[in-house]
Amino acid sequence: SGEFFFLWSNDKWESYQFNPVVFTGDVCSLKNGLLIVGISETGGLALFNPVDKSSTVTFPFGNEKIRYYDQDKDGNCFIILQDLNGTSKLIRYDGEHIETLAVDLKIDGLTPGACEVTDIIQSRNEDIWIVTFTDVILCKKGIKKRFDLKKEFEWTFSTSILELENGNIWVSGSKGIIQYDGGNWLLIQSPEFETARKMILSKDSSIWVASGTGIHRLVDGSWVSNSSEEGLPNTAIFDILEDKQGEIWAATNNGAFCYHPEVDTNAPETVIPADMNSHEAIPSGELQFGFEGRDKW
């Protein structure tokens, strides 16, 4: 958060600050127990030890500088490195071992604190997807492909990428969500997101989206929206995650909020208003009903 990072421990918040200041971003947990919490202006890696509460900035990759980092799904960290000639590559790092995933990325804006990369995933078929403010990049068996989505979808920038259970890829951004099925791109019918910033697939197969209009969840084919009426401080949600206990957390301007589904387990009450419906059927016998639903809140 800005120049600090915060640790929630024993039911209280503890704040920590590096000196010199580092650019805080995602928090990545390495297999050796250390946390990656930021990047220094000179491209070093800011590490925090949650056991003894010590912090340090290290340069574990020699002359190559760190420009971006992100947690992967297996407890490792994606890191984009850049050498003295400006050549960049993507590696996977577990705190000790390095695995090179893509080379010669040619991504603009690789500077700490202002990196244009917004998300990275490795799909089940081992494809690497990288989204930036301007590009959607697919690295498949060493071959890189860039998708130009501006003309067809008026796409301006991308913020998050997600692999669905059927293998389709969703990319979110300023224009909502688009889907790639392995051959074609399609705009997903969804609520008005006002920038869909982050997407996750929860353990119950629901898709959660953090956006500028609150949190939206796709469950059983229908979108359910949560905003200030459900307890969020405002509609601007910047990140969302599911913890090991299956609880959903949202990052907002006013702090972290946790979703409690047990608060409202009753379905909305459904009514068929008389002023919206006819009391007679047409000669063909077809009937059409208009109905409404109201939640107890």
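I take a residue as buried under 20% relative accessible area, exposed over 50%, and partly exposed in between. The model I am reading is predicted.

**Entry 1: surface patch.** I looked up Phe 4 to begin with. Its relative accessible area is 32%, so I class Phe 4 as partly exposed. I place Phe 4 in strand β1. I then noted a nonpolar surface patch of about 460 Å², which Phe 4 makes together with Phe 6, Trp 8 and Trp 13.

**Entry 2: cavity.** For the largest cavity I have a volume of about 70 Å³. I listed its lining residues, among them Phe 133, Val 136, Phe 147, Leu 149, Trp 155 and Phe 157. Asp 135, Asp 148 and Lys 150 line the cavity as well, and so do Thr 134, Thr 156 and Ser 158. By class I record six nonpolar, three polar and three charged residues in this lining.

Entry 3: I went on to the second largest pocket and noted a volume of about 640 Å³. It is lined by 26 residues, and the closest to its centre are Asn 226, Glu 230, Tyr 259, His 260 and Asp 264. Which strands each supply at least two residues of the lining? I wrote down β21 (214–219), β22 (222–226), β24 (248–252) and β25 (255–258).

Key
Residues numbered from 1 in each chain as written. Predicted model: local features only at pLDDT ≥ 70, side-chain atom pairs only at ≥ 80, totals over all residues. Heavy atoms only, no water. Patch = residues over 30% accessible without salt bridge, like charges linked within 9 Å, V, L, I, M, F, W, Y side chains within 5 Å. Areas by Shrake-Rupley, 256 points an atom, 1.4 Å probe, with all protein chains shown as cover. Salt bridge = Lys/Arg side-chain N within 4 Å of Asp/Glu carboxyl O. Helix = DSSP H or I, 4+ residues; strand = E, 2+ residues; numbered from the N terminus. Buried < 20%, exposed > 50% of the residue type's maximum accessible area, 1.4 Å probe, protein only. 1 Å grid on protein atoms, 1.4 Å probe; cavity = no way out; pocket = protein on both sides within 12 Å on 5 of 7 lines; lining within 4 Å. Points joined across faces, edges and corners; volume = space filled by probe spheres on them. Nonpolar A, V, L, I, M, F, W, Y, C, P; charged D, E, K, R; others polar.
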